[in-house]
Amino acid sequence: MTMPTYTPPTSPYARDPFYALGAADAYDEHHNGLNIHDLQRRANEMLDIPSTGSDSTDLYVAGYGNAVVGILRTHIAQINAQTEVSHRWLARKQGREKSTLHQRHRTHR
């Protein structure tokens, strides 16, 4: 069996211009200094508004919301990576990096 060479987009609407516009707005607002909590609040407010039945509005909200989720996941991954680095630095500074107890805890993850 051969593997397919085509990977479908993450959303069936990923090529829709209104979906892309919502995602672009979320990334632009984040890039311009809006923090994660404000992005989440805006996405929740958009989702609380009843649907107008307009596909363009619904797709914009879906694009915005999915972009906010992506930004949040990236933020969490960065925090986890920074935490791992700081734990390694602290263990090295305290001389625990070479201890058997420290190594035993690291292998049981």
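## Basis and confidence

Because the model is predicted, local features are given where pLDDT is at least 70 and side-chain atom pairs at pLDDT 80 or more, while totals for chains, interfaces and linings use all residues. Residues are numbered from 1 along each chain as its sequence is written, and side-chain values rest on heavy atoms, with hydrogens and water left out.

The protein chain has an average pLDDT of 80, where pLDDT is the predictor's confidence in each residue on a scale from 0 to 100, and 75% of the residues score at least 70. Confidence is highest in helix H1 (residues 17-31), with a mean of 92, and lowest in helix H4 (residues 100-107), with a mean of 60.

## Secondary structure and burial

The protein chain holds 4 helices and 0 strands, these being DSSP runs numbered from the N terminus (helices H or I of at least four residues, strands E of at least two), and its pattern along the sequence is α-α-α-α.

Of the 109 residues in the protein chain, 18% are buried, a term that stands for under 20% relative accessible area, with exposed meaning over 50% and partly exposed the range in between (1.4 Å probe, protein chains only). Among contacts (heavy atoms within 4.5 Å) with a separation of 6 or more, 62% join residues 24 or more positions apart.

## Helix packing

Axes are lines fitted to C-alpha atoms, for helices over the stretch in contact, and angles run from 0 to 180 degrees between N-to-C directions. Angles under 35 degrees count as roughly parallel, over 145 as roughly antiparallel, 65 to 115 as roughly perpendicular and the rest as oblique. H1 and H3 have axes 6 Å apart and an angle of about 40°, which means that H1 is oblique to H3. The residues making this contact include Gly 22, Ala 23 and Ala 26 of H1 and Gly 63, Tyr 64 and Ala 67 of H3.

H2 and H3 cross at roughly 155°, their axes coming within 10 Å, and H2 is therefore roughly antiparallel to H3. Among the residues in contact are Leu 39, Ala 43 and Met 46 of H2 together with Val 61, Tyr 64 and Val 68 of H3. For H1 and H2 the axes also come within 10 Å, with a crossing at roughly 150°, so H1 is roughly antiparallel to H2; here Ala 26, Glu 29 and His 30 of H1 meet Ile 36, Leu 39 and Arg 42 of H2.
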